[in-house]
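Subject: Structure handover

Hello,

Here is the structure for you to look at. Please open it before you read my notes.

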Amino acid sequence: MRSRIVRVRTSDTEFSRMKDIATARGLSISEMIRRVALGVRMPARTFDANHAATLARTLGEIGRIGGNLNQLVRLANSGRIAGRDDELTRILADVDAVRFRLRELLT
């Protein structure tokens, strides 16, 4: 019988993230925190329609980035890449955004 209460202060962002993780794993927040604290394995994330839509958007973004990188490689190979710093910066930001999104999906 669980009779002790442990209170933990969190920010709104932390609470929202914990709630999302617990929901994705089919657990209550209390059960998720208990399992993490005690080193008990959590169930695998469920893959629902929301995840599928996010993955589809991510794959689309990866395709667009691949196209941009292909164009840049062609320009570089033809010696016409000079003066494209803004474009390179934008593409690198896109790559970072996709990497961040993929990490979110995998955690």
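Predicted model: local features only at pLDDT ≥ 70, side-chain atom pairs only at ≥ 80, totals over all residues.

**Two crossing helices**

Start with helix 1, residues 12-24, and helix 2, residues 29-38. Their axes come within 9 Å. They cross at roughly 90°. Angles of 65 to 115 degrees count as roughly perpendicular, so helix 1 and helix 2 are roughly perpendicular to each other.

Which residues make the contact? Helix 1 brings Phe15, Met18, Lys19, Ile21 and Ala22. Helix 2 brings Ile29, Met32 and Ile33. By class, seven of the residues in this contact are nonpolar and one is charged. None is polar.

How many salt bridges does the structure hold? There are three. Glu31, Arg34 and Arg35 are linked in a network of them.

Take arginine 34 to begin with. Its salt bridge is with glutamate 31, and the closest N and O atoms are 2.9 Å apart. Both residues lie in helix 2. They are three residues apart, about one turn of the helix.

Now arginine 35. It also forms a salt bridge with glutamate 31, with the closest N and O atoms 2.9 Å apart. Arginine 35 and glutamate 31 are four residues apart in helix 2, so about one helical turn separates them.

Is glutamate 31 buried or exposed? Its relative accessibility is 19%. Buried means under 20%, so glutamate 31 counts as buried. Arginine 34, at 28%, counts as partly exposed. Arginine 35 is partly exposed too, with a relative accessible area of 22%.

Move on to helix 4, residues 85-106. Here aspartate 94 forms a salt bridge with arginine 90. The closest N and O atoms are 3.7 Å apart. The two residues sit four apart in helix 4, so they are separated by about one helical turn. Aspartate 94 is partly exposed, with a relative accessible area of 29%. Arginine 90 is partly exposed as well, at 43%.

**Asparagine 68**

Finally, find asparagine 68 in helix 3, residues 49-77. What does asparagine 68 touch, leaving out residues up to four places away in sequence? It touches Arg90, Ile91 and Asp94. Asparagine 68 has a relative accessible area of 18%, so it is buried.

Best wishes

Terms used
Residues numbered from 1 in each chain as written. Heavy atoms only, no water. Axes fitted to C-alpha atoms, helices over the stretch in contact; angles between N-to-C directions. Parallel < 35°, antiparallel > 145°, perpendicular 65-115°, else oblique. Contact = heavy atoms within 4.5 Å. Nonpolar A, V, L, I, M, F, W, Y, C, P; charged D, E, K, R; others polar. Buried < 20%, exposed > 50% of the residue type's maximum accessible area, 1.4 Å probe, protein only. Salt bridge = Lys/Arg side-chain N within 4 Å of Asp/Glu carboxyl O.
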